Structure formats: structure tokens, C-alpha cells
Protein chains: 2
Amino acid sequence: MSGPVLALVGATGAVGTVMIDIMDGRASVPWSEIRLIASARSAGKKLTVRGEELTVVALSPEAFDGVDIAMFDVPDEVSAEWAPIAASRGAVAVDNSGAFRMDPEVPLVVPEVNADQISNRPKGIIANPNCTTLSMMAALGALHREFELKELVVSSYQAASGGGQAAIDRLYAELEALAGKEVGVRVGDVREVLDAAGLPVSDSPFPAPLVQNVIPWAGSLKDDGWTSEELKVRNESRKILGIPDLKVSATCVRVPVVTTHSLAVHAVFAREVTVEAAHKILAAQPTIVLVDDPAELKFPTPVDTVGEDPTFVGRVRQALDFPNTLDFFVCGDNLRKGAALNTYEIAEGLAERL
Amino acid sequence: MSGPVLALVGATGAVGTVMIDIMDGRASVPWSEIRLIASARSAGKKLTVRGEELTVVALSPEAFDGVDIAMFDVPDEVSAEWAPIAASRGAVAVDNSGAFRMDPEVPLVVPEVNADQISNRPKGIIANPNCTTLSMMAALGALHREFELKELVVSSYQAASGGGQAAIDRLYAELEALAGKEVGVRVGDVREVLDAAGLPVSDSPFPAPLVQNVIPWAGSLKDDGWTSEELKVRNESRKILGIPDLKVSATCVRVPVVTTHSLAVHAVFAREVTVEAAHKILAAQPTIVLVDDPAELKFPTPVDTVGEDPTFVGRVRQALDFPNTLDFFVCGDNLRKGAALNTYEIAEGLAERL
């Protein structure tokens, strides 16, 4: 066969598993070979991709020989070391970590918004955005093309799975510990039940109980009280949309949902907006599903989004007191479009251009 | 005894029960009599208030004879009918429903913000604000006095108990049905489990599953896609703060928490703000607890707020791109300060002025 060779680094992780599911469902590129790469510990493991049993190989410089495109779903420090090695061996690295996103020589790509940037890769590396930013990019990109975005105030309702498998396991364990107990009615009762179940918060990947709770914290502390996650939403939105002076305030909050990030978005534009015009624009996007019929109580929610590829947009309202402003709500599966799917879409775009 | 006579209408409801707990804990007013009033169905029931067993009497015009202050924790339509009757019998009605909040002849009072309005009651009625608005009023009132508030963008994380006992029961039932099931990973799995447990969403007070979910909907549909809850946040904030042209956009979202509303607030002021100055102002308020030490992962969350009287404020940040702007997060028990406590504080203020 004459198709390009694709490698998946981190094939056995949470996002890697979703990536294999996505590759099974999309036949657009006739890859001549798919190579699964993981840590030495996972090497030799067998996984089925597109009906074919493949053996995972250990990460090494030689593992990239002959590879055209290498997708990385690994921690920041692994990407920082290995994406340049893949590039030096002739592959284009598509990296889903935070290691290269703000590097001026690395494009940060959401295909619906800035697919043209795929060709502009002096380091042989293309970055995939943070999942929270990604959830709103298809909608904001489409609205920006028409109305010119100026300001963004965003509050997130982020799923546990953004923190990986340990975070998912923790939420399930907390849910099980609290079942049948009428707690959440006085200070300390949730923590007492978790302690009694052998689940003290000190053992959790989260800084507070996640059941019966929302936690206004995601990522790590940066300057002046902002979190890394909130700064990613600001800085990555500016880079992807190509608006270096976009004004952004984000508050990132974890909620007791396994998968699907939601965002309440307040977006100020340079030109006049109407709900009707916004609906028309959003409904025309192939990767957006508009769910906005409040009279029938239809709006996007995580349980109706999880496992789906599109982002779901609803509750579109014209701000009553702010000119040229729309308020809306968006839900996106943070493991699919928020991670694996967008990475794979970049790889598809690269394959077309090879 | 020579103290005033206090009546509690709706003594057997969810908020009424919290009200009795609050009266037990606050001895500031030596009421000469506390009269418990409820529907005819609950009349004759015995409840203990401040160590004394009281018999609930049925709602009737005569029930208000001799009453100085009548607190109403009943549905809108009951208040609309009965608060004027109480007033006509000589009582001041302090009403926690939505019936009179926007009436220009009825003051809408948060004692920390506009206690002076207590004396201005041409109809003999004083209204208590909506619980979502109330959760942020102590903080915004204090910051407004110093910096002059101009604009507000708010996203809520609202507890189930805002919908009453049926809503609380529903959340507990959903939590129990999902325990031990690894759901929330594909579309429909949460709804399937609820259906199998005999808990179809069609029987729920909520328009979608609340477990494993967030629901961008609270209240009823008003003009142009806005909900009644979102408009209350806007209109009541303007009235309480005395800023008729305050610009407000609110998105109200229900989360799987039994009690305590949280809000992510983006507040724009006329004058220069700093986190240091805001901290000083907030820490000086007797009804606010400042929990804002991100380096130690200290910030307010619902499980550490529920059952407490103060509102908890944290994550105070100076906006990076908006002048004179603070972003912060606030948690308040929606049944206490959000409802019963504020109503009782108004009654205390009235008792001082009788």
C-alpha cells in the first residue's frame, strides 16, 4: 500500500484508547501502517485497530523510523523530550500535551478554525489545544469569522476525566461511598462519609470532595491567583483565533461529571449580533449540533454529549445590557473533540497535504 | 413579656424548618409570642421552637391578629393572596416568595446592603430576594460601596434544594440508582440506568438527569430565551444595590449538589481595584468568610459551606485584560442566607424599629 505511516504514542492511555476507537470509526485515510508506541512497560501488549491485531512497541528513536505522522497522547515531559526526536527522524509530531502549545514556532490547530496553520510547522511539531479551550473553539471560530470577537468571559463546568483515569476512578468511588446517605446538608458530612469509607481527600487527585460539590480549581497555581487552566483558556484562545489582544477572563470549575466539559460563554463582538444570525451560523457548521429550543426544554447537557464527536451549543441569548454580545452554553466530550478527535483530525489534514 | 409577636407562615415546609433552626440559634429578639402558621392540612401539628412546644395553626385572616411581623415561606400565589391580608391586619409581612420583589412599593432587602429600606414599606410588605441573587449580594454590596459596580457577568452552580424537597429527594434517588455503575461514558447510559430504576426523567422536577450532569436551566422560560432565574439575578441585583442601569448577564445552571449555591462572578467597577483592597473589604464584613489561599488550595466549596450562615468568598483575581475588574467565586447556603436567614434578619431589623 502507498498510504502514509501513522504512529500513536501513548496508545495504552485513557486518550490513546479513545483514539483507537476514533480510528476504527473513520476510514478517511488509508494508512499503510499504524504503529502503536507506549512505554517499555506496555510494549508487547496486543491491541486491535481497524480489525487488525497490532503489537505495541516501546518508545525509542528507532520506533519513529519510516513514520510520517506521530500523534502524542502522553504527559508534558514525555512530549517535550520525544516530539523533537520524532521530528528529527522525519515524522510530523501532533502533540496533545501542553509542552509546545505556546511555542511561537509551533502552530496550535483546531481544523475548523485554522486548518491553514497545518502547513506552517518549522519544528515539525503541531500542537493540539487544551480540552477546555477546545470545547468552545468551533463555535467561537464560526461566530468570530462573521462578527469579530473582542471579549470573552467564560465559566467552565469541567469533567473529572480531564484529570485522567485516576480522577475517573476517584469520582466513581466517591459516588459509591455516598449512595443511600442523605448527606450534603451540614458542613463536614460529606468528608466524614468519605473518611469512613477509606477515601480521605488527602488521597484524592482533587483538592476537595467532588461528589455533592463543585471545585473552583483545575491545574496548578500561576501568578496572581490564576490557575494554569484559566491561563490556557486565555492564551490558547488568542493563538487559535489569531486575536492577540482578545480580552479573556476564565473561571475553571470541576463538577461531578465523568466526561464532557461544559462552558457558559459571554462573548462580545465588534459587529451587531442577533440570535437568529448566530443560530444560522452555528447550524451550518458540520461539527456543531445546535440544541436550542428552550420552549421544549431542549439545551445541551453532558449526559447527552458524552461519547459524541460534535460540540453541542444552546441557550443562545442576546445580552440584554451589553451591545453586540451573545451568552451561550456549550458541551463537548473532553476525551473526543477535546483531545483524541482533534489530534486525529489534524493528522487527517496532514495526510492530505503530505 | 413586652416583645413583639412574630408569625411564621409555611412553618412546616423546607425553608420553614430551617427557619425554626435559625430562631433556636439566635436570641437577639425577645419575641413575646412566636406563632406557627401553615395550611389547614398541617394545623394541629406540634413543633418545638426555642425549647417550647408550639401548635401549628391554620392560615386564616384571624391568625394574623396581634401579629407584629409575619414571615412568609410559601409559594408565590399563597404570598400574593395572604401577605396583603397580614398587612391589613396590622402585621408587617416579610415575604420570601417572588410575588412582590419587583413591586416599586415593596423594598427588596439584604440587611448588609440596604437595611435603611426596611422603614420604607408603604404596603406593609418587605420582600426577600431570590436565593441565587442573595448568595453574592453581601460581597457585591461591600465592593460596590468602595469601587462602584458597573457590570456583572455571572454563571451559577445551583443546588437541587432550590427546587424544594421533591428536588432533593430526586437527587438522592438518582445518586442511589447510579451507585456502583460506571456510567457517564456514552450517550444515553445515565438515562438508561434511571429508566431501569423506575426513575425516568419525565417524573423528575428537573428537565434532564441531574447526576453525572449539569443542567443549564432554572426557573421558567421568559422572553428571548432567558429564564426567570436569570432575569431575577439581573433585576433584583439592580434593585438591591440601587443601580438601575447595572449591566448584567447571568447563566443559571443546576449542578448535582443538595445544598449551597455557588457563583462565578466577573464584576466591573468604576474605580481602580486590587486583590489586596478587595480582600481587606471582604474580610471586614461580619457575614462574609474570606477563604482565599490558593497556594494552600483553600477556596470555598459547597461541602464546606452547607449549614453555615455566612457567605464564603475566594478565588479573588484581578482581571488580566479588563480594567477595574475582579473575578471571584462565592458559595452560600441557599436555604439559610439564601432564604430563611435573610428573612429572619429582616424581621430582627424590623423588631429594632417597631
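## Basis of the model

Because the model is predicted, local features need pLDDT of at least 70 and side-chain atom pairs count only at pLDDT 80 or more, whereas totals for chains, interfaces and linings use all residues. Residues are numbered from 1 along each chain as its sequence is written, chains are lettered from A and ligands numbered from 1 in the order in which they are written, and side-chain values use heavy atoms, with hydrogens and water left out.

## The interface of chain A and chain B

Chain A and chain B each bring 79 residues to the contact, where contact means heavy atoms within 4.5 Å. The size of an interface is often given as the accessible area lost when the parts come together. For chain A and chain B the buried area is about 6200 Å², and carbon and sulfur atoms give 63% of that area; buried area is the accessible area (1.4 Å probe) that two parts lose on being put together, summed over both.

Across this interface there are 10 salt bridges, a salt bridge being a side-chain nitrogen of Lys or Arg within 4 Å of a carboxyl oxygen of Asp or Glu. A salt bridge joins the side chains of A:Glu230 and B:Arg315, with an N to O distance of 2.7 Å.

## Elements on the side of chain A

The elements of chain A that give two or more residues to the side that touches chain B include the helices α5 (165-178), α6 (189-196) and α7 (228-241), together with the strands β9 (149-157) and β13 (311-318). Helices (H or I, at least four residues) and strands (E, at least two) are DSSP runs, numbered from the N terminus. With 6 residues, β9(A) gives the most to this side of chain A.

By class, the side of chain A that touches chain B holds 44 nonpolar, 18 polar and 17 charged residues. In this grouping Ala, Val, Leu, Ile, Met, Phe, Trp, Tyr, Cys and Pro count as nonpolar, Asp, Glu, Lys and Arg as charged, and the others, Gly among them, as polar.

## Relation between the two copies

Chain A is superposed on chain B by a rotation of 180 degrees with 0.0 Å of shift along its axis, at an RMSD of 0.0 Å, and that is the relation of a two-fold axis. In chain A, the C-alpha nearest the axis belongs to A:Ala179, which lies 2.9 Å from it. The same surface serves both copies, since 100% of the contact residues of chain A recur in chain B. Copies are superposed by least squares on the C-alpha atoms of residues with pLDDT of at least 70 in both.

## Salt bridges within a chain

Over all chains, the whole structure has 38 salt bridges. One of the pairs is A:Glu236 with A:Arg101, whose side chains meet at 3.4 Å, N to O. A:Glu236 lies in helix α7 of chain A and A:Arg101 in the loop between β7 (92-95) and α3 (111-114) of chain A, so the pair ties together parts that are 135 residues apart in sequence. A:Glu236 is buried at 2% relative accessibility, and A:Arg101 is buried at 6%; buried means under 20% relative accessible area, exposed over 50%, and partly exposed in between (1.4 Å probe, protein chains only).

In chain B, B:Arg336 forms a salt bridge with B:Asp21, their closest N and O atoms being 2.9 Å apart. This pair links distant parts of the chain, with B:Arg336 in helix α9 (residues 336-353) and B:Asp21 in helix α1 (residues 14-25), 315 residues apart. B:Arg336 is buried, with a relative accessible area of 12%, whereas B:Asp21 is partly exposed at 41%.

## Residues with positive phi

B:Arg50, although not a glycine, has a positive phi of about 50 degrees. B:Arg50 is found in the loop between β3 (46-49) and β4 (52-55) of chain B, and is partly exposed, with a relative accessible area of 31%.

B:Asp224 is likewise a residue other than glycine with a positive phi, near 60 degrees. B:Asp224 lies in the loop between α6 (189-196) and α7 (228-241) of chain B, and is exposed, with a relative accessible area of 61%.
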